Amino acid sequence: MKTIVTGSYAESSRILADMFECVMRTVEEPLLGLSTGSTPLGMYQCLTEDYSRGLIDFSHVHTINLDEYVGLPRSHSQSFGYYMDKHLFSKVNLLPENTLLIDGVGEPEAQCRRYNEFLSQSPMDILVLGIGNNGHIGFNEPDDAFCASTHVVELADDTICANARFFERIEDVPRHAITMGMAGITQAREVVLIATGMAKAKAIGALLADDKIDPRLPCSILKVCQNATILIDKDLADYIQ
Ligand code: F6R
């Protein structure tokens, strides 16, 4: 696992977009692993701007998203499907049939099975991860053990509080989600975790502090990946030391 400290969040986003664009240019039919939340927004902005300038093409690209809230349809403004439509899919020439998402109102077991079958055939070429304040990746929350495959998870109180900012009332935040598990995540050929903001300092500090892999700090599983990068900006790095 390597760490890159950049000058700013904007620079981190640019570097991350360049990593994705490199895969899009060099792999014949790349599979991009995508996440949502505030942190990857800068990367999506770089990608959509580069597409409108004619610098990149998505017609041969496939995508898979990490997770989705249980109970929210794609038309709900806080579903991750809606987020992807808004920030990427509606702005580039990705073919809808090449985008794989969890259906928040589909039958959960069937959704998990579909994801696990897909991932067993097709590892991701590159995956972007954000990180929860509690160290979660995807919605793999701190627990006694890691879950390997795609599964239904009960969201941690920390996560519900952190994500309440996107909803009118904290009671509106779904209590469950479906998330890709650690097998799918660690099989990606390249994993990039981007973090910014002081709220992430505790989790990133603990991740970088030692060589341990601890299910109470889910992001620590990235230490088993062949090619994992932690991308943080100087403000966050200064706060850790
Ligand atoms: C979202 C996801 C989550 C977020 C994390 C950080 O698809 O998988 O793990 O990456 O909760 O969210 P932000 O970036 O909003 O702080």
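This briefing walks through the ligand site of the structure above and the pocket around it. Please keep in mind that the model is predicted. The ligand sits in the largest pocket, and 14 residues surround the ligand. We start with the ligand and its contacts, then turn to the pocket.

**Around the ligand**
- Thr39, Asp67, His136, Gly138 and Lys200 are the closest of the residues that surround the ligand.
- Sorted by class, the shell around the ligand holds nine polar, three charged and two nonpolar residues.

**Polar contacts and cover**
- Aspartate 67 places a polar side-chain atom 2.6 Å from an oxygen atom of the ligand.
- For glycine 138, a polar backbone atom is 2.7 Å from an oxygen atom of the ligand.
- Threonine 36 has a polar side-chain atom that lies 2.8 Å from an oxygen atom of the ligand.
- On its own, the ligand has 410 Å² of accessible area, and the protein covers 94% of that area.

- The largest pocket, where the ligand sits, contains about 720 Å³ of space.
- The largest pocket is lined by 36 residues, and those closest to its centre are Thr36, Gly37, Ser38, Arg165 and Phe166.
- By class, the lining of the largest pocket has 18 polar, 13 nonpolar and five charged residues.

**Where the lining comes from**
- At least two residues of the lining of the largest pocket come from each of strand E4 (67–69), helix H3 (80–87) and helix H5 (157–163).
- H3 supplies the largest share of this lining, with five residues.

Definitions and conventions. Residues numbered from 1 in each chain as written. Predicted model: local features only at pLDDT ≥ 70, side-chain atom pairs only at ≥ 80, totals over all residues. Heavy atoms only, no water. Near = heavy atom within 4 Å. Polar contact = N/O pair within 3.5 Å; in protein donor to acceptor, adjacent residues only side chain to side chain. Areas by Shrake-Rupley, 256 points an atom, 1.4 Å probe, with all protein chains shown as cover. 1 Å grid on protein atoms, 1.4 Å probe; cavity = no way out; pocket = protein on both sides within 12 Å on 5 of 7 lines; lining within 4 Å. Sits in = over half its atoms within 2 Å of the grid points. Nonpolar A, V, L, I, M, F, W, Y, C, P; charged D, E, K, R; others polar. Points joined across faces, edges and corners; volume = space filled by probe spheres on them. Helix = DSSP H or I, 4+ residues; strand = E, 2+ residues; numbered from the N terminus.
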